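Welcome! Please take a look at the sequence and the structure below, and then we can walk through some of the features together.

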Amino acid sequence: MANIILLFTCLFLGFFFKKSSLFPKETPVVLNKFVIYISLPAMALHYLPKIELSPKLLYPIGAAWIGFFIAFGLFASLGKWLGWSKKLTGCLILTSGLGNTSFIGIPVIEALYGKEGLETLVLVDLPGSFIMLSTLGIIVATTYSRGKTNLKQIGRQIISFPPFIAFIVGISLILLNRTLPETIDGVFEKLSYTISPLALVSVGYQINLEKRSKHWNFLILGLTYQLILWPLIILVLYKIILNQSGTAINVCIMEAGMAPMITASIVASAYGLKPKLSNMMVSIGIPVSFITLAFWYWVLTVV
């Protein structure tokens, strides 16, 4: 419950700071830079070395990767067919193809499934959503932020993306069976706590709900995929086609239906991929997701 209260408090504070002019208009840019350059790498270096490689990773990781690849295929095809701008297509791929599997996911999954659910959540979040953002996510952001690009430019963007560098270090520690010294790990843990409040204040600062905004149709399309179609696909694939069951599978389905990832919205904004739409996806998607998650939880009790 504390995370839920913090979520809406930070969104409100960002909105309040903008309306009161207490903070400069460059505030979201500064906060986004801090999250990308400091908070995200710290989270990667704190959590990644603790992951144990095993076959049980496949279903949770699969839920995240399947959702992203389908989002990519869907919105890239629609964008080409309907003549969308590259920035609009990239924005929808990033914000609809990456779920808020940690900040929203943790309180929801803990309340519904307890510690057993959290064990699966970590697998969906880190090897799934986080690695996706740090690799394919940055490729999408780089590719769709420019009219033309090449492999050298994409490669340069990836290897200079701080969370990706931290990801490589974290994976290396796993393969070498090493962990960070306790003191350093503690520092990274504390820095990782800054992700959600700073990201949410940034999103709140940029909230601008224009009734006549040209983004509403795209917002509805993106959220329909994120909150309805994606969890439905995972449910059908895991429970019906692959005949899987249990708490871990239910958590995978619930995680697939989480609101858009806050950090993905920040990356989209940082790369100029329709910042207004990317922030609407988060600021509207989060409250709407509580309704759709209740629906999916009910579905899982009867399926």
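## A covered helix

A residue counts as buried here when its relative accessible area is under 20%. With that in hand, and keeping in mind that this is a predicted model, let us begin with helix 12, which spans residues 262-270. How many of its 9 residues are buried? The count is 8, so helix 12 is mostly covered.

The buried residues of helix 12 are Ile262, Thr263, Ala264 and Ser265, together with Ile266, Val267, Ala268 and Ser269. After helix 12 comes Gly272, which has a positive phi near 75°.

## Two helices side by side

Next, look at helix 3 (residues 58-82) and helix 4 (residues 86-97). Their axes lie 9 Å apart, and the two helices pack at an angle of about 155°. Angles over 145 degrees count as roughly antiparallel, and helix 3 and helix 4 are therefore described that way. Their crossing is right-handed.

Which residues meet here? Helix 3 brings Gly67, Phe68, Ala71, Phe72, Phe75, Ala76 and Gly79, while helix 4 brings Thr89, Leu92, Ile93, Ser96 and Gly97. Sorted by class, this contact has 7 nonpolar residues, 5 polar ones and no charged ones.

## Aromatic pairs

Now for the rings. A pair of aromatic rings is described by the distance of the centres and the angle of the planes. Counting pairs whose ring centres lie within 6.5 Å, the model has 14 aromatic pairs.

One of them joins Phe75 and Tyr225, with 5.9 Å from centre to centre and 85° between the planes, an edge-to-face arrangement. Phe75 sits in helix 3 and Tyr225 in helix 10 (residues 216-241), so this pair ties together parts that are 150 residues apart in sequence. Are these two partners buried or exposed? Phe75 is buried, at a relative accessible area of 0%, and Tyr225 also counts as buried, at 2%.

Tyr113 and Tyr297 form another edge-to-face pair, with 6.0 Å between the centres and 70° between the planes. This pair also links distant parts of the chain: Tyr113 belongs to helix 5 (residues 105-144) and Tyr297 to helix 13 (residues 275-302), 184 residues apart. Tyr113 counts as buried at 16% relative accessibility, whereas Tyr297 is partly exposed at 31%.

## A cluster of rings

Finally, find Phe12, Phe16, Phe17 and Phe23, which ring pairs link into a cluster.

Conventions
Residues are numbered from 1 along each chain as its sequence is written. This is a predicted model: local features need pLDDT of at least 70, side-chain atom pairs count only at pLDDT 80 or more; totals for chains, interfaces and linings use all residues. Side-chain values use heavy atoms; hydrogens and water are left out. Axes are lines fitted to C-alpha atoms, for helices over the stretch in contact, and angles run from 0 to 180 degrees between N-to-C directions. Helices (H or I, at least four residues) and strands (E, at least two) are DSSP runs, numbered from the N terminus. Angles under 35 degrees count as roughly parallel, over 145 as roughly antiparallel, 65 to 115 as roughly perpendicular and the rest as oblique. A crossing is left-handed if the near helix is turned anticlockwise from the far one by less than a right angle, and right-handed if clockwise. Contact means heavy atoms within 4.5 Å. Ala, Val, Leu, Ile, Met, Phe, Trp, Tyr, Cys and Pro count as nonpolar, Asp, Glu, Lys and Arg as charged, and the others, Gly among them, as polar. Rings of Phe, Tyr and Trp (its six-membered ring) pair if their centres lie within 6.5 Å; planes under 30 degrees apart count as stacked, over 60 as edge-to-face and the rest as tilted. Buried means under 20% relative accessible area, exposed over 50%, partly exposed in between (1.4 Å probe, protein chains only).
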